[in-house]
Amino acid sequence: MDYLKTQGIKSLHGTIKISGAKNASLPLIAMTILAKNSVSIKNLPNVADIKTLLKLLSNLGAKCEFLQDSVTVDTSTLSETKATYDIVKTMRASILVLGPILARFGHCEVSLPGGCAIGQRPIDLHLKALEMMGAVIKIKAGYVQATAPNGLKGCNINFDKITVTGTANIVMAAALAHGVTTITNAAREPEVVQLCEILNENGVHIDGVGTAVLTVQGTNQKLINIKEFSVIPDRIEAGTYLCAGAITKSELTLENVNAKHLGAVIAKLEEMGSTFTITPDTITIHPSQVIKPVKIITQEYPAFPTDMQAQFLALATQADGTSIIEERLFENRFMHVSELQRMGADISLNGNVATVNGKNKLSGTDVMATDLRASSALVLAALVAEGETNIHRIYHLDRGYDSLEQKLQGVGAKITRLKE
Ligand code: UD1
């Protein structure tokens, strides 16, 4: 197993190129199941989750060629319709194949993903919506077994709760369904917007893209032709490096980034004292020498993202004063707190609210990554900790950060990947 050794208290300087968004790439790769042609996708991040999904599609019979930051996926040879436990257990987002496979083949089995470190993460809303579209769903021996021999039917779906992969799954199912599907309380994340835009450009008419009400005109099970496209930049990776600039009080420029997707994150960094220079595809952070405390509530887009909560918690340890961070999406997403406490952070937890009393001097030690974004919070803390920090279990980090240590080395961080 790999770990990261980081030498702290180092200021950074330079430019970081942001990769394509993991959370946009996953539904877009699943979307190739709706295509009759071989689909080329550019600007993919080189991260484990993408390889996991491509492996899942290959196991089902698709032909996938992954080259650096692009892939071609040909699902015309896809013949199996069962996503097995060995893959789904490593990546919950495997559930994204359920909607498109069911819509195309009339049957699909996907292993139940089970709980994960950050909470229960049920898929009941995905299943309920597919049932409303006419699917018969059984849970048997740890698998979701879904059938719709005559295809799915358009209907009105109102999500009780906003779900990102749930919205993506149902949009893909609706794309091949018979008739019109209206999804109310749909997710508005840029990753969902891109999925809808690509479908719209390739023959599936979708109204309301970017709003909470999506109307999808199904193709009556006709597969579509999807032209080559490029994945949007990863707003969470970008937000993480903006936090790296803020916490080390270093000016950093990010390239290949869309500031419009980072509104809530930039607003909070501004409240904490940073200023920004923004162009259509770059962001430069001018950090403040004194970090101000902040109040954050995680919510669905366009509000502050839960995927940036851990990184801001690390940043808040260096603020002059008390910050309050409330997690509203995942009940158990504070596993990084105990590791940050071991580095010297003064954080108290009360249910889903963390109170961070800054400013703390952090000391390097051995810490353990517990989930994807928690890992990057530990990296941020390690950048300013006194001495050396060893971050273990970074396979979590590798799921979603493309070349993190090379990118940080490129701006002057002392960070190395080593084997246990
Ligand atoms: C996606 C992102 C993840 C991000 C999360 C919230 C991907 C691959 N992952 O995860 O990085 O942290 O959005 O922005 O895009 N829920 C239910 N029933 C369901 C589905 C969801 O109760 O059937 C609940 C969840 O437990 C959670 C909330 O709804 O409390 C939002 O979850 P959801 O938006 O579905 O998260 P994911 O799509 O899994």
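Three helices, α1 (22–31), α5 (124–132) and α6 (164–176), each contribute at least two residues to the shell around the ligand, helices being DSSP runs of H or I with at least four residues, numbered from the N terminus. The largest share, 3 residues, is supplied by α5. This is a predicted model, in which local features need pLDDT of at least 70, side-chain atom pairs count only at pLDDT 80 or more, and totals for chains, interfaces and linings use all residues. Residues are numbered from 1 along each chain as its sequence is written, and side-chain values use heavy atoms, with hydrogens and water left out.

The shell has 19 residues, among which Asp124, Thr163, Thr165, Asp307 and Leu329 come nearest; a residue belongs to it if one of its heavy atoms lies within 4 Å of the ligand. By class, the shell comprises 9 nonpolar, 5 polar and 5 charged residues, with Gly counted as polar.

From Arg333, a polar side-chain atom lies 3.5 Å from a ligand oxygen. The protein covers 88% of the 730 Å² of accessible area that the ligand has on its own (Shrake-Rupley method, 1.4 Å probe).

Turning to aromatic residues, Phe304 and Phe312 have ring centres 5.0 Å apart and planes at 90°, so they form an edge-to-face pair (centres within 6.5 Å, planes over 60 degrees apart). Phe304 is buried at 5% relative accessibility, and Phe312 is buried at 0%, the cut-off being under 20% relative accessible area with a 1.4 Å probe and protein chains only.

Definitions and conventions
A polar contact is a pair of N or O atoms within 3.5 Å; within protein, one must be able to donate a hydrogen and the other to accept it, and residues adjacent in sequence count only if both atoms are side-chain atoms. Rings of Phe, Tyr and Trp (its six-membered ring) pair if their centres lie within 6.5 Å; planes under 30 degrees apart count as stacked, over 60 as edge-to-face and the rest as tilted. Buried means under 20% relative accessible area, exposed over 50%, partly exposed in between (1.4 Å probe, protein chains only).
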